[in-house]
Amino acid sequence: MSVPLLEQLVEAFRVLPGVGQKTAQRMAYHVLERGRDGGRRLAEVLGEAVEKIGHCERCRDFSETPLCPTCASASRDAHQLCAVESPADRLAIEQATGYRGLYFVLQGRLSPLDGIGPRELGLHLLGERLAQGEVQELIIATNPTVEGEATAHYLAQLARQHGVRPSRPAHGLPLGGELEYVDRGTLSHAFGSRGEMA
C-alpha cells in the first residue's frame, strides 16, 4: 500500500534541520493552502540546486563552477588560508570581518565516533595545498567544541609540518556582554587565555 502524498510531503520537510513533525506539517499545509506558486518555485529551485551545486576544487565550499568566486579572484591574499567547519562559517567570517585571504571548508570536524576522520574532511587536500609553499598562515577557525578543538589541534600540527604558521581567532567574552550573563565555559576560556593590555 502506498503512502499518501500529504504524508510524503510532511516527511520531505522533516529532512531540514530543526524541523520536527508539527513544523513539517505546518509547512506542508501552508504550501497547499496558500503557497502553491511558492511551492512550485521551491521545488524547481531545489531540484536545480541539488543537480548543479557541487564543491569548489580548491576550498571545498559550495560552488556551481569548478572554482568558486573567492578562489578564482585575483584580489584575494593567497598567503593566508582560513580553515572553517562549514560554508555557513565561511559566510559569517566573510560578512563580519575584513578578511581578504582564501578559505578551506572542512565540511565537518573530526569525530571518530561518527566515522569522520582526516580523509572525510579533505585534510589530504589541505596538506597538498600547504606543501605548495604559497600559504604562510593557516587561520584555524573551528568552533570551540570538543571536536572543534581536536580538529584545531590536528590542523595546527599539519600546518607546522609544512612550515606554515598556525593561528586561531580569539575566543572569549562577547562585545557589549556582561560577565554575570556569560556562560561558565566561555568565561573560563576567556579568563585562561587573557593577554596583556596595550
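## The largest pocket

Helix α3 gives the largest share of the lining of the largest pocket, 6 residues. Helices here are DSSP runs of H or I with at least four residues, strands are runs of E with at least two, and both are numbered from the N terminus. This is a predicted model, in which local features need pLDDT of at least 70 and side-chain atom pairs count only at pLDDT 80 or more, while totals for chains, interfaces and linings use all residues. Residues are numbered from 1 along each chain as its sequence is written, and side-chain values use heavy atoms, with hydrogens and water left out.

The largest pocket has a volume of about 410 Å³. Of its 14 lining residues, L9, F13, G39, L42 and A43 are the closest to the centre. The elements that give two or more residues to this lining are α1 (5–13), α2 (21–33) and α3 (36–52). By type, the lining residues divide into 10 nonpolar, 2 polar and 2 charged.

## Terms for the pocket

A pocket is an open set of points on a 1 Å grid over the protein atoms alone, where a 1.4 Å probe fits and protein lies on both sides within 12 Å along at least five of seven lines; lining residues have an atom within 4 Å of a point. The volume is the space filled by probe spheres set on the points, which are joined across faces, edges and corners. Ala, Val, Leu, Ile, Met, Phe, Trp, Tyr, Cys and Pro count as nonpolar, Asp, Glu, Lys and Arg as charged, and the others, Gly among them, as polar.

R76 is in the loop between α4 (69–72) and β3 (77–84). R76 counts as buried, because its relative accessibility is 10% (buried means under 20% relative accessible area, exposed over 50%, partly exposed in between, with a 1.4 Å probe and protein chains only).

The side chain of R76 makes a polar contact with the side chain of E94 at 2.7 Å (a pair of N or O atoms within 3.5 Å; within protein, one must be able to donate a hydrogen and the other to accept it, and residues adjacent in sequence count only if both atoms are side-chain atoms). The R76 side chain also reaches the backbone oxygen of Y99 at 3.5 Å. Leaving aside neighbours within four places in sequence, R76 is in contact (heavy atoms within 4.5 Å) with T70, E94, Y99, R100, G101, L102 and Y103.

## Two positive phi angles

R60 is not a glycine, yet has a positive phi of about 75 degrees. R60 lies in the loop between β1 (54–55) and β2 (62–63) and is buried, with a relative accessible area of 15%.

Q107, also not a glycine, has a positive phi of about 60 degrees. Q107 is in the loop between β4 (101–105) and α6 (123–131) and counts as partly exposed at 31% relative accessibility.
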